[in-house]
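Hi everyone, thanks for coming. I'd like to walk you through one model today, starting with its strands and ending with a pocket. Here it is on the screen.

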Amino acid sequence: MPNLLSETIFMAFEHFDVFVIGTGTAGKGVAKDFANEGLKVAIADNREYGGTCPNRGCDPKKVLVGFTEILDRATKMQGKGITKMPEVNWSHLMAFKETFVDAIPAATEKDLAALNIKLYHQSPKFLNKNTLSVEGKTVTADKIVIATGSIPMPLRIPGEEHALFSEDFLDLKELPETMIFIGAGYIGMEFAHIAARFGVKVTMMDFAPRPLFNFDEDMVKYIQQVSEEDLGIKFIFNAEVNEIEKLQKNYRVKANQDGKEISAKAEIVFNTAGRVPSIEDLDLEQGNVAFSKKGITVNEFLQNTTNKNVYACGDVSDSEGLPLTPLSSQEAKVVSANLLSKKEPKKAHYPPQPTVVFTLPKLASVGLSEKEAKEQGYDYSLEHKLVPNWFNAKHINEKIYAYKTLVDKKTGFVLGAHLVGPEASEIINMFVMAMCGELDCETLKKMIFTYPSWASDIKGMV
């Protein structure tokens, strides 16, 4: 005999074809795909709609970087046509930055609502495999897509509440005289370069023996050289931070370095120790959703390994994709295709994934490192040069322009490229095209590029 009470309760819950958690690039992409098919869709976020990149990450950060490029170029051209450095105004720059950010949340909500997508403003919690609790309501869904992105990694030390995050940097009304960044990864290094170019005395502390530990060591040395010699950034390495102490005006950051207690003081302290998947508030265990330290555990179709009704895409998925906005949109397309199509499931495909550190000069990388190439058994040729005398660097008086390329001796294909320079973020895209298009070095060298242009330099790097 059917349980009428439980059926009545179930029918009282609002039901959706798909419920998306997260409104960043990945989440809103999936939600729109389903809504355009006429399905009943809901989406939720515990922050402002639009996700990290446009609101408090890539986009506003790049606005600030763009301004420091002007300062950097003017500094290098002093005495070569520039007679006076431009005056800077932090508050004016921040107001300009806001013109890129202010409209994002409302515009995102408007676009989603126009597709009849139900909007929620809270992080849902799993009650069981297909049931969520959100805004005090219980909802059910045939499929649930997790696209919550990542959040700053907790320091888990006494006084960590005193540390600000990168998004707080983007909202600073004025700059202090001193700053400490705990963590010398790409986030810390990018913001440290911005601050230092505005005259802030910056100290960076990291448990690793060097900054940007996941990037090519030779290329990173050039960035560290500029950071120390040109910007006056102080590095404290092999330092395990264990406490942040609030003083009358400053904060003292204590750390253990080679068995000795050391410390540094500054007016503001930033936690830039890295990011972790944003999954703590979801009660994943209740939904039988498997996860790891890297995020939601997924198979090659981006489907959760224990709850087949759950998919994950973007920074929160424990996939082969790097935590990059372009990868998030790619994974969103895979999830949409697998949930909407009745054909053979679509596997997530990961072509060469370029990464950029927006310091000045910029650091860019794609493909294999030397270590990876050796481990994978490639017979390769390696070329590493510092080329400040190449025209593109010389005409702007840039002293740091370097590359390292790895080429497969058997096929002539580029295995990896690692660059440092003013336009490394653009040149690396040429390597991506060559690798994805399987263009060997001989073919690249025969191509006609505009000259003088940064893209044309690729022919000299292979």
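Predicted model: local features only at pLDDT ≥ 70, side-chain atom pairs only at ≥ 80, totals over all residues.

Residues are numbered from 1 along each chain as its sequence is written, and side-chain values use heavy atoms, with hydrogens and water left out.

When I say strand or helix, I mean a DSSP run, numbered from the N terminus: helices are H or I with at least four residues, strands are E with at least two. Two strands pair if DSSP finds at least two bridges between them.

Back to our pair. Strand 11 (residues 239–246) and strand 12 (residues 251–257) run antiparallel, joined by seven bridges, and a hairpin of four residues links strand 11 to strand 12. Strand 12 is also joined to strand 13 (residues 260–266) by seven bridges, again antiparallel. Here Arg 252 stands opposite Lys 265. The hairpin between strand 12 and strand 13 has two residues between them, and Asp 258 in the turn has a positive phi of about 55°.

Now, which residues have the most contacts inside the largest nonpolar core? They are Phe 19, Val 145, Ile 146 and Ile 296, in a core of 47 residues. A nonpolar core is a set of buried Ala, Val, Leu, Ile, Met, Phe, Trp, Tyr and Cys residues joined through side-chain atoms within 4.5 Å; buried means under 20% relative accessible area, with a 1.4 Å probe and protein chains only. Strand 1 (14–21) and helix 10 (325–340) are among the elements that each supply at least two residues of this core.

Ile 296 also turns up in a sheet: it stands opposite Ser 317 in strand 19. Strand 17 (residues 295–297) and strand 19 run parallel, with two bridges. They belong to an open sheet of three strands, in the order 16-17-19, with mixed pairing.

Last stop, the second largest pocket. Its lining has 17 residues, with Asp 72, Thr 75, Lys 76, Arg 197 and Asp 230 nearest the centre. A pocket here is an open set of points on a 1 Å grid over the protein atoms alone, where a 1.4 Å probe fits, with protein on both sides within 12 Å along at least five of seven lines; lining residues have an atom within 4 Å of a point. Helix 4 (58–76), helix 8 (186–197) and helix 9 (217–230) each give two or more residues to that lining.

Technical notes. Buried < 20%, exposed > 50% of the residue type's maximum accessible area, 1.4 Å probe, protein only.
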